[in-house]
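Subject: Structure handover

Hello,

Here is the structure I promised you. Please open it alongside this note. My findings follow below.

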Amino acid sequence: MSNRPTLAAVLIVKNEAENLADCLATLDWVDEIVVLDSGSTDSTQAVSEAAGARFFVNSDWPGFGKQRQIAQSHVQSDWILWVDADERVTPELRTSIEAVLAKPQANTVYSIPRLSWVFGRFIRHCGWYPDRVLRLYPKALTGYNDALVHEKVQLNKGVNVQKLQGDLLHYTYQNLEHYLVKSAGYASAWAEQRRQRGKRASISQGVLHGLGCFIKMYVIKLGFLDGKQGFLLSVLSAHSTFVKYADLWIKTQTQGPKA
């Protein structure tokens, strides 16, 4: 009988029925699947349960970090693999993960290279690849912080980070409208998080950071090698960067109409 530690794939979702079946199909080898929903109105629950997932709901959205903490609290397995509904685990990545579980190392978390499909092609430049994300770790070792957005796995002193082989495929945006809506949501959460910390911003900061974002992605990070998609993604990312600072300026510098 194998003494291999058990592994749970964990997802936080909302209205992801369209993506979820393909995602969960790449996870049929794990010991447990935990799905925490934040109030779906589509068939997300039915799709999850059809794949054998344990399905939970927390519709009182606390932010990405705390939602992941709640999801982790439902896990019964020894190890956690975080996956988003728009991601797919490749066979090569599965092999790497199984090798880790066969000989687990103490005080170690694992980063996974993520390859994103954007507007018709995989993006291998623009600073988007390998886009390593910390997604695999022992449940008892760590978890996510409290950030509203851009949440991170907490790394305490003495914790090692090892690199896994094999890509996590990321089908991130369905179309331009999806990109704009998604990026606006991230910008608003980023601005609110900064506002709560007493931070401020100016429109000129937004312009400078946006311009710097484009130069970094398209020129320094060789985004031009990703063709028209690289150019478009660099422009949109610059716009999203500007919007973050503009939103923070609006939240902290402007006032509503006087009564």
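Strands, like helices, are DSSP runs numbered from the N terminus (strands are E, at least two residues; helices are H or I, at least four). Strand β7 (residues 114-118) is joined to β8 by 3 bridges, and the two run antiparallel.

A word on the basis. This is a predicted model, where local features need pLDDT of at least 70, side-chain atom pairs count only at pLDDT 80 or more, and totals for chains, interfaces and linings use all residues. Residues are numbered from 1 along each chain as its sequence is written, and side-chain values use heavy atoms, with hydrogens and water left out.

Now the sheet. It is open, has 4 strands in the order β5-β11-β7-β8, and its pairing is mixed. Strands pair if DSSP finds at least two bridges between them. At the edges are β5 (87-89) and β8 (121-123), each pairing on one side only. On average, neighbouring strands are turned by 30 degrees against each other, direction ignored.

Next, two helices. α6 (residues 203-220) packs with α7 (residues 227-253) at an angle of about 160 degrees, and their axes are 8 Å apart. Axes are lines fitted to C-alpha atoms, for helices over the stretch in contact; angles run from 0 to 180 degrees between N-to-C directions. The helices are therefore roughly antiparallel to each other (angles over 145 degrees; under 35 is roughly parallel, 65 to 115 roughly perpendicular, the rest oblique). Residues in the contact (heavy atoms within 4.5 Å) include Phe214 of α6 and Trp249 of α7.

Best wishes
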